[in-house]
Amino acid sequence: MNRTLTLLPAVLAAAVLSSFYGCLTFHKVSYDVTLVSPNEGSVVVTAYDLRSTAKTKTEFEQDKSNLFDYMLKSSEFLKDQKEQGKDIVARKLFLENGMLVGQGEYKFTDVSKVEGLRYDGGFHYLNLNLDDSVISTNGEIIRSKDFKRIVWDSTFKELKFTMLGNPFTDKSKFKSLAPYFNQKKKK
């Protein structure tokens with residue numbers, strides 16, 4: 001499945017990651033949800049190997065601005081995410097093995113704000129398309145004819161899952177943002 005970076009906490013989230021302009025993408029994304037009640041808690045979202053799908057120089061410059069200025073630094077991004085039920089408490093970018101990683105942490109009072117997680121009958125669950133690739137989880141994956149679901153019972157206070165975003169099979173279509181992070185740090 002090809003997921004698009006939408007919030008960098010919905011990443012930075014990474015948090016942090018949910019619905020954006022559509023040119024930022026990542027290899028995989030992990031969620032570490034800590035519950036203080038069945039519907040309330042915090043989540044750390046980490047998006048690995050951030051890249052751009054821009055086809056023009058103008059689009060690429062806009063992607064860099066969206067990531068480095070709007071998502072990483074602006075108060076407007078914090079406000080926009082808060083309106084979506086995500087109270088961002090931390091956001092950062094860093095390099096790991098030569099790849100740019102975005103990470104964000106946010107608090108929530110409605111668990112459905114975390115990638116559509118649900119709580120019902122003593123279980124947390126996340127419905128996914130059959131073609132969504134779950135790399136890892138501490139929950140149980142159940143498959144049906146129409147969808148797959150990750151399920152955690154009420155004993156879990158930490159819900160973890162990592163999903164494949166973009167496998168980058170045709171690397172020529174994606175431009176790494178890692179070199180531009182170093183340039184931003186030097187300014």
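Reader: Hi! Which residue in S7 is the bridge partner of Ser42?
Author: Lys107 is the bridge partner of Ser42 in S7; strands here are DSSP E runs of at least two residues and helices are H or I runs of at least four, numbered from the N terminus. This is a predicted model, where local features need pLDDT of at least 70 and side-chain atom pairs count only at pLDDT 80 or more, while totals for chains, interfaces and linings use all residues. Residues are numbered from 1 along each chain as its sequence is written, and side-chain values use heavy atoms, leaving out hydrogens and water.

Reader: Thanks! How many bridges join S4 to S7?
Author: Seven, between S4 (residues 40-48) and S7 (residues 99-108), and the two strands run antiparallel. Strands pair if DSSP finds at least two bridges between them.

Reader: And what order do the strands of the open sheet have?
Author: The six strands go S6-S7-S4-S3-S13-S10, with antiparallel pairing. S6 (87-96) and S10 (134-137) are at the edges with a single partner strand each, so one side of each has no neighbour in the sheet.

Reader: Switching to helices: at what angle do the axes of H1 and H2 cross?
Author: Roughly 60°, with the axes of H1 (residues 57-73) and H2 (residues 75-83) coming within 5 Å. Axes are lines fitted to C-alpha atoms, for helices over the stretch in contact, and angles run from 0 to 180 degrees between N-to-C directions.

Reader: Nice. Which residues meet there, H1 against H2?
Author: Tyr70, Met71 and Lys73 of H1 meet Ser75, Glu76, Phe77 and Asp80 of H2, with contact meaning heavy atoms within 4.5 Å.
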